[in-house]
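Reader: Could you take me through the aromatic rings and the nonpolar core of this protein, giving the cut-offs as you go?

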Amino acid sequence: MILSLATAAADTAGHLHFNQLGLNPTILTIGWFSLKWYSIAYIAGIIVGWWYLLRLLAQPGAPMARRHADDLVFYATLGVILGGRLGYVIFYSPDMFVEPLRILRLWDGGMSFHGGVIGTSIGLILFARNNKLDWLRVHDYVACTVPFGLFFGRLANFVNGELWGKPADVPWAIVFPHTGADVARHPSQLYEAGLEGIVLFAVLWWAFWHTKSRYQPGRLTGIFVAGYGVARFIVEFFREPDAQFAGTFIERSGLHMGQWLCVPMILGGAYLIATAKGRRERVESIAGSESVA
C-alpha cells in the first residue's frame, strides 16, 4: 500500500528522464578494452588527493616528509581496492564466497566504502609502522583528502545510473532506467556527492587551515569519520534499500545496512574528537627542523 502511494506520488509526468541526459558509463571502447567513468573517478580521486596532500605536508608540523607521499598513495590505493571489494562481499554479497572467482571480477562492480575505510586504515598503519611515523597523525592528513574521491565516486554512480533513491515528487526527481518501474526518484547519488564530498571537504579544510586540529592527533580523522557517518546516515533515508536484505533484520529495523555500518563510525569519530586534545604534544616536523607548539 505504501509503495503504491509512493509510486503514484512520483508520477513521471513532468520529471526528467535519465536517458535524456545523454550520459554513458563507458567513455570509449577499443576492442576488448573499455574505459569507464568509474575508473576515471578512482584515478581522479587519487591524483587530486595526492596533490592536496602535498600542500598539507608543506605546512609546519607535518607528520611525514614529501618523500613519503608516493609510498603512502600505494598503500592507500591498495587498501581502498582490497578493503572496498572484500567489504562489499562481506557486508552486501556473502554469497560470492561460494564462487570465489566472482570476488576477483572487479569490473562487474561492487565496492563498499566502509570496507574501503578499513582497508585503507590497515594500509596506513602498515605504512606508518614501516616508516616509524605516527600512524594517527598520518590518518589525520589523509582524511582531509578523501572527500575528493567520494565526490568523484558519487558522480560516477550517477553517470552509471546506479544506487538511485526512493520514489519522489520533488522537481529535481529523475526517472532512472533499470529500476523495474517507470518512477521518478531522488538523485541520491548527487546528495551524497554534495554532503560527503563538498560539505565534508569544507569542514575538514576549515579545521585544518583555521584551527589547531592538525596538532591534536585524531581530531581530523574523527571529524572525517563522524562527518561521513552522519552524512551517509541522512542520505540513506532517501536511497532505495538494498534488495538482498528484504525480509531480514536489516529491513525490519527500519534502517539500511549502510546506516548500521555508520553507527560505529559516528561513535568512533566522536570519541576521537573528544579525546584529541589530550593526545596533543609538542610536534616535531618530519619535513623540516621547525618545532610546532
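Reader: Is phenylalanine 148 buried or exposed?

Author: This is a predicted model, in which local features need pLDDT of at least 70 and side-chain atom pairs count only at pLDDT 80 or more, while totals for chains, interfaces and linings use all residues. Residues are numbered from 1 along each chain as its sequence is written, and side-chain values use heavy atoms, leaving out hydrogens and water. Buried means under 20% relative accessible area, exposed over 50% and partly exposed in between, with a 1.4 Å probe and protein chains only. Phenylalanine 148 has a relative accessible area of 17%, so this residue is buried.

Reader: How many aromatic pairs are there, and why does the pair of phenylalanine 148 and phenylalanine 201 count as tilted?

Author: Rings of Phe, Tyr and Trp (its six-membered ring) pair if their centres lie within 6.5 Å, with planes under 30 degrees apart stacked, over 60 edge-to-face and the rest tilted. By this rule the count is 16 aromatic pairs. The rings of phenylalanine 148 and phenylalanine 201 have centres 5.0 Å apart and planes at 50 degrees, so the pair is tilted.

Reader: Which residues touch the most other members of the largest nonpolar core?

Author: A nonpolar core is a set of buried Ala, Val, Leu, Ile, Met, Phe, Trp, Tyr and Cys residues joined through side-chain atoms within 4.5 Å. Of the 32 residues in the largest such core, those touching the most other members are Met64, Leu72 and Phe224.
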